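The following note sets out points for a colleague who is reviewing this structure. The points are grouped by region and may be checked against the coordinates in turn.

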Amino acid sequence: WESVVSFFGSSTSSLTNSLQTGATHNDGGSRHLDRSKFYEQRPLDRFSELQYALEHSKLVLLYFAASWCPMSTPISDALDEAFGKGDVLLTRNGQKKTLSIVYVSSDKTLEEYTEYTRKRHWLPIPFESPEKNQLKRHFATCAHRELEELQFDRKHEIPTGIVIESRTQGIITTNGADDVEEMGSGALEHWLKMQGWASQMANSIAHDNDGSSEKE
């Protein structure tokens, strides 16, 4: 349930924090969820490199990894096995799909990055893009060797897969890498179910708060 609660904000914030930052309004001293603002909290809109994936796929898997990292190799292979041969992944052809994989690289060189991504159906953040490190800071995720340069308190090491629901930009789970390794292609169905639970939770909270407001 911790992952589902993160659905309410894609900076790994909690439900409580989300309710305190713009999705609520005061009414006679009480706080209520504001339906008009609940789905307007879109913290990833500032990342231009993510917009194609967010606009063309239902779920976005942000894959933080590196070609030199031995722990990344089995996850990358599992992603290839689960989604590399099917028609589920978003590509650059403009057709909307259920899932996109956005690679946030910790590769040391452009050559490493290019070799690692060239045969895969991923949408990698460009190696030289400043948004690559901005995403690492936003999600507090990077390789240990990058900590001195990036200067933030790391929450997740690599490899990490963070699954985002595109419409709300909320986090479905931060355990996407483990899910793929354990479930293979079944991970997608698992994420879609979690998305459904999160949406039901959001709608239920909004409904309950609307009801409370009317009674008062």
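1. Helix 7 (residues 131-138) is largely enclosed by the rest of the structure, because 6 of its 8 residues are buried. The model is a predicted one, and the points below should be read accordingly. The buried residues of helix 7 are Glu131, Lys132, Asn133, Leu135, Lys136 and His138. They pack against strand 3 (57-65), strand 4 (97-105) and helix 8 (147-150).

2. Just after helix 7, Ala140 adopts a positive phi of about 50 degrees. Ala140 belongs to the loop between helix 7 and helix 8. Is this residue, Ala140, buried or exposed? With a relative accessible area of 8%, Ala140 falls under the 20% limit and is therefore buried.

3. Gln151 is another non-glycine residue with a positive phi, in this case near 55 degrees. Gln151 sits in the loop between helix 8 and strand 5. Its relative accessibility is 60%, so Gln151 counts as exposed.

**Overall arrangement**

4. The protein has 10 helices and 6 strands. Of its 216 residues, 51% are buried. Among contacts with a separation of 6 or more, 63% are between residues 24 or more positions apart.

5. How many of the residues of strand 5 are buried? The count is 6 of 6, and the strand is mostly covered. In a regular strand the side chains alternate between the two faces of the sheet. In strand 5 both faces are covered: Thr160, Ile162 and Ile164 are buried on one side, and Gly161, Val163 and Glu165 are buried on the other.

6. Strand 5 and strand 6 form a hairpin with 4 residues between them. Gln169, in the turn of this hairpin, has a positive phi of about 65 degrees.

7. The loop between helix 8 and strand 5 also contains Pro159. The peptide bond that joins Ile158 and Pro159 is cis, with omega about 0 degrees.

8. In soluble globular proteins, nonpolar side chains tend to be buried together. The largest nonpolar core in this model has 26 residues, of which Tyr63, Leu79, Phe83, Leu99, Ile101, Val180 and Trp191 touch the most other members. Two or more residues come from each of strand 3, helix 5, strand 4, helix 6 (110-117), helix 9 and helix 10 (186-215). Helix 5 gives the most to this core, with 5 residues. A second, separate core has 23 residues, including Leu44, Leu62, Val102 and Val104.

9. Which residues does Tyr63 touch, leaving aside those up to four places away in sequence? They are Ser72, Ile75, Ser76, Leu79, Ile101, Val102, Tyr103, Val104, Trp122, Pro159 and Thr160.

**Pocket and cavities**

10. The largest pocket holds about 210 Å³ of space. It is lined by 15 residues, and those closest to its centre are Glu157, Pro159, Thr160, Ala177 and Asp178. Helix 5 (72-83), strand 5 (160-165) and helix 9 (176-183) each supply at least two residues of the lining. The largest share, 4 residues, comes from helix 9. By class, the lining of this pocket has 6 nonpolar, 6 polar and 3 charged residues.

11. The model has 2 cavities of 30 Å³ or more. The volume of the second largest cavity is about 40 Å³. Which residues line the second largest cavity? Its lining is made up of Glu49, Leu50, Tyr52, Ala53, Arg92, Val102, Leu123 and Pro124. By class these are 6 nonpolar, no polar and 2 charged residues.

Conventions
Residues are numbered from 1 along each chain as its sequence is written. This is a predicted model: local features need pLDDT of at least 70, side-chain atom pairs count only at pLDDT 80 or more; totals for chains, interfaces and linings use all residues. Side-chain values use heavy atoms; hydrogens and water are left out. Buried means under 20% relative accessible area, exposed over 50%, partly exposed in between (1.4 Å probe, protein chains only). Contact means heavy atoms within 4.5 Å. On a 1 Å grid over the protein atoms alone, a cavity is a set of points where a 1.4 Å probe fits but cannot get out, and a pocket is an open set with protein on both sides within 12 Å along at least five of seven lines; lining residues have an atom within 4 Å of a point. Grid points are joined across faces, edges and corners, and a volume is the space filled by probe spheres set on the points. Ala, Val, Leu, Ile, Met, Phe, Trp, Tyr, Cys and Pro count as nonpolar, Asp, Glu, Lys and Arg as charged, and the others, Gly among them, as polar. A nonpolar core is a set of buried Ala, Val, Leu, Ile, Met, Phe, Trp, Tyr and Cys residues joined through side-chain atoms within 4.5 Å. Two strands pair if DSSP finds at least two bridges between them.
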